[in-house]
Amino acid sequence: MSLTHLQIEEILDENRAHECDGYGADHICVRIASIAELPSRFGQFQVVAFWNNRDKEEHAAFVHGDITGAENVPVRVHSECLTGDAIGSLRCDCRDQLETSLKTIGKMENGILLYMRQEGRGIGLVNKIRAYGLQDKGFDTVQANLALGFRDDEREYSSAAHMLDSLKVKSIQLMTNNPKKIEELKRYGINITGRIPLVIPPNQYNEFYLRTKAEKSGHMMTFGSETRLFEQSDLPIVEGMTNEQIGALHQGEV
Ligand SMILES: [Zn+2]
Ligand SMILES: [Zn+2]
């Protein structure tokens with residue numbers, strides 16, 4: 001069962017008047033602005049659109065099943081990547097991560113995907129494309145990474161934490177390969193009862209992960225010279241990776 005019409009009306013009424021001190025250093029406060037049914041190729045979802053008091057970015061939650069007051073709800077926090085998510089770019093594997101999360105959640109009893117509108121680790125599309133352009137011109141990945149910048153983690157997790165509270169989830173199991181994400185969400189009072197590793201299926205494009213190692217600066221390099229930038233805050237695990245390779249993923253990651 002998903003949210004009924006009555007529950008939706010109640011939530012919208014409560015959120016219309018919602019005000020709080022906000023989460024995190026930036027006092028992020030979000031409100032649920034609208035809710036609708038969203039049948040998808042990954043199963044039956046409801047989409048919940050959020051307003052926030054900071055950057056006016058319209059974050060969204062994609063909700064499967066009954067989550068109100070629920071315990072141990074599987075949750076994925078995904079950052080927007082226009083080029084990967086919508087267009088299928090192979091410069092990153094955001095789309096693999098997004099599809100795998102939605103497929104997994106769609107098959108479960110319930111679950112939530114938080115879609116955070118922070119393109120290119122929060123620096124926006126234009127700056128992300130500038131970083132791509134630098135790479136195309138032969139700039140090394142460190143320079144391109146600097147141009148891409150690093151996501152403001154605090155802001156990301158404070159919005160996500162507030163969104164989960166707005167959805168009245170009691171406790172969650174976070175779908176992530178990054179233990180740091182769990183710590184960050186816990187800091188904002190989210191009750192995390194477990195972690196679900198995000199394992200993406202191998203295909204001709206991500207097969208190179210199986211042969212790569214993590215570099216200190218947080219990017220991966222093939223044995224050739226091909227490099228990729230990582231736009232999601234956790235590195236993917238591809239089916240078939242050895243424990244050693246998985247263990248190496250987060251070495252040196254901030
Ligand atoms: Zn609030
Ligand atoms: Zn991407």
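The model is predicted: local features need pLDDT of at least 70 and side-chain atom pairs count only at pLDDT 80 or more, while totals for chains, interfaces and linings use all residues. Residues are numbered from 1 along each chain as its sequence is written, and chains are lettered from A and ligands numbered from 1 in the order in which they are written.

The protein has nine helices and 12 strands. Helices (H or I, at least four residues) and strands (E, at least two) are DSSP runs, numbered from the N terminus. Of the 254 residues, 36% are buried. A residue is buried if 20 or more other C-beta atoms, placed from the backbone, lie within 10 Å of its own; with 12 or fewer it is exposed, and in between it is partly exposed. Two residues are in contact if their C-beta atoms, placed from the backbone, lie within 7 Å. Among contacts between residues at least 6 apart in sequence, 65% join residues at least 24 apart.

Consider the strands next. Strand β1 (residues 30–40) pairs with strand β2 (residues 43–52) in the antiparallel sense over 10 bridges; two strands count as paired if DSSP finds at least two bridges between them. Two residues lie between β1 and β2, which form a hairpin. V30 stands opposite N52 in β2, and A36 has V47 in β2 as its bridge partner. V47 also has a bridge partner in β3, namely F62. Strand β3 (residues 60–64) runs antiparallel to β2 and is joined to it by four bridges.

Leaving aside neighbours within four places in sequence, I112 is in contact with A61, F62, V63, I67, V73, V75 and L167. I112 belongs to the largest nonpolar core, which has 41 residues; V75, I112, L114, A160, L164 and L167 touch the most other members. Such a core is a set of buried Ala, Val, Leu, Ile, Met, Phe, Trp, Tyr and Cys residues joined through C-beta atoms within 7 Å. Among the elements that each supply at least two residues of this core are β4 (73–79), β5 (111–116) and α7 (153–166).

After α8 comes G189, whose phi is positive, near 90°.
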